[in-house]
Amino acid sequence: MTKIVGTLGPKSRSVEVISGCLKAGMSVARFDFSWGDPDYHQETLENLKAAIKTTKKLCAVMLDTVGAEMQVVNKSEKSISLEADGQVVLTPDQGKEATSQILPINFDGLAKSVKKGDTIFVGQYLFTGSETTSVWLEVAEVNGRDVVCTIKNSATLAGSLFTLHASQIHIDLPTLTEKDKEVISTWGVKNKIDFLSLSYTRHAEDVRRAREFLSNSGDLSQTQIFAKIENVEGLTHFDEILQEADGIILSRGNLGIDLPPEKVFLFQKSALHKCNMAGKPAVLTRVVDSMTGNLRPTRAEATDVANAVLDGSDAILLGAETLRGLYPVETITTVGKICAEAEKVFNQDLYFKRTVRYVGEPMSHLESIASSAVRAAIKVKASVIICFTSSGRAARLIAKYRPTMPVLSVVIPRLMTDQLKWSFSGAFEARQSLIVRGLFPMLADPRHPAESTSATNESILKIALDHGKALGVIKSHDRVVVCQKVGDASVVKIVELED
């Protein structure tokens, strides 16, 4: 029921591996533009489309922006050895070559932002946190535009790009960079991306600007924006960001560096709770780092995945584990198994009561129908809830109450026209529910409108039931709760299946 977002990269871009990932349970593919050019990602996407065709499994596409990320540029790609207690200079002069004495960075305002005693972290890829491939620096002095740092641990930096992170310091870089805008307006528009992951979201205004940019970019007005919270600034403005965004990604790698380690669990629990109550998907990152090079996660990681589920996350995002990890398919399988075990002991009763109490009275029309459908399904021990929807909103509201059974969201396409040609809506809505816990979309035949006569509804219901049987979630003699519109009224009904 918990969804898995996989990042596609060097170790997971062949049709064969992507097919394995889809079968193992990946339902959203993330394309990280911090590295690789659009052509490289386009090739990966074509392979994803081929894999979707052969496996017949739906998969959504998420574009992850670079955002306000500071990077050390190592053009020669030679390894750089740094010795503890030595000194290294961070300079904005990108013409210089990276050596053990000097590291060129892509931001010229660092000297203005930091002061003596501040902590700076430099590491490969995301923050592996491994003490041999990443280094902690302490600012010793600011010398003009250069920052002189004392090295706190010995490390060897290998590769062409390292991420640089200054703890709890406001970095004056735009959230949507010019490069991001270019990628969205070309690659994003061409591929009609389902989700935009907005890196380094720090204010609600960042989300508003991104939404404005998307709505001016052709077909992307329906693309959902997931705000990626990566630092204390984003956490401070969390409530207003949540109001503006369609979902939240908690980037625990960066947050774990920006926050003291003992505070990490606390923000995770409170942020997930807020997302759950708002009915917006929450995605958690950095769960099984050790599986990048090993077949099994550590005990702490396995417990962490289970706790993420119990805390209420909708999806788990795998980064380095699938991007450059040796076991992408096995990682997805393992995470899926741990999630399934945790779901068995999820306290749905307590969660349901808490959500109803939070929503308060009088409830809105849709909210009351959704909560009633979930309550009825639990009381009659239904095997699934089937929801007819055209915008996907009703199905998401049902999922918000975290029913113990899957929710089959039957998306009824709507006919639209721009006065030049006809087109159907529905595909976006169906794919966008692939990141919500417990929601399983299927596209209905467009000849059956959502609010039509009982005869057509019965025929779609039959198709939905057949789909459920094929998935193995419905058997004969099961009870099924159906949520649909009949005329102006919303109806929740209980159907008992015959042989």
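Pro362 is found in the loop between α13 and α14, and a cis peptide bond, with omega about -5°, joins Glu361 to Pro362. Helices (DSSP runs of H or I with at least four residues) and strands (runs of E with at least two) are numbered from the N terminus. This is a predicted model, in which local features need pLDDT of at least 70 and side-chain atom pairs count only at pLDDT 80 or more, while totals for chains, interfaces and linings use all residues. Residues are numbered from 1 along each chain as its sequence is written, and side-chain values use heavy atoms, with hydrogens and water left out.

**The helix pair α13 and α14**

- Helix α13 (residues 348–359) and helix α14 (residues 365–379) have axes that come within 12 Å and cross at roughly 160°, where axes are lines fitted to C-alpha atoms, for helices over the stretch in contact, and angles run from 0 to 180 degrees between N-to-C directions.
- That crossing angle makes α13 roughly antiparallel to α14, on a scale where angles under 35 degrees count as roughly parallel, over 145 as roughly antiparallel, 65 to 115 as roughly perpendicular and the rest as oblique.
- The crossing in which α13 passes α14 is left-handed, a term that applies if the near helix is turned anticlockwise from the far one by less than a right angle, with right-handed used if clockwise.
- On the α13 side the contact is made by Gln348, Phe352 and Val359, and on the α14 side by Glu367, Ser371, Val374, Arg375 and Ile378, contact meaning heavy atoms within 4.5 Å.
- The residues of this contact of α13 with α14 divide into four nonpolar, two polar and two charged, where Ala, Val, Leu, Ile, Met, Phe, Trp, Tyr, Cys and Pro count as nonpolar, Asp, Glu, Lys and Arg as charged, and the others, Gly among them, as polar.

**Helix α15**

- Helix α15 (residues 393–400) is mostly covered, with six of its eight residues buried; buried means under 20% relative accessible area, exposed over 50%, and partly exposed in between, for a 1.4 Å probe and protein chains only.
- The buried residues of α15 are Ala394, Ala395, Leu397, Ile398, Ala399 and Lys400, and the helix is followed by Arg402, whose phi is positive, near 50°.

**Cysteines**

- The count of disulfides comes to zero under the rule that a disulfide is a pair of cysteine sulfur atoms within 2.5 Å.
- Cys59 is buried, with a relative accessible area of 5%, and its sulfur is 9.3 Å from the closest cysteine sulfur, in Cys21, which is too far for a bond.
- Cys275 is buried as well, with a relative accessible area of 1%, and its sulfur is 17 Å from the closest cysteine sulfur, in Cys339, again too far for a bond.

**Backbone exceptions in loops**

- Most residues other than glycine have a negative phi, and most peptide bonds are trans.
- Asp85, which is not a glycine, has a positive phi of about 75°; Asp85 lies in the loop between β5 (80–82) and β6 (87–91) and is exposed, with a relative accessible area of 67%.
- His477, also not a glycine, has a positive phi of about 70°; His477 is found in the loop between α17 (454–471) and β23 and is exposed, with a relative accessible area of 54%.

**Strand β23**

- Lys485 lies in strand β23 (residues 479–486) and is partly exposed, with a relative accessible area of 38%.
- The C-alpha atoms of Lys485 and Cys387 are separated by 9.5 Å, with the two residues 98 residues apart along the chain.
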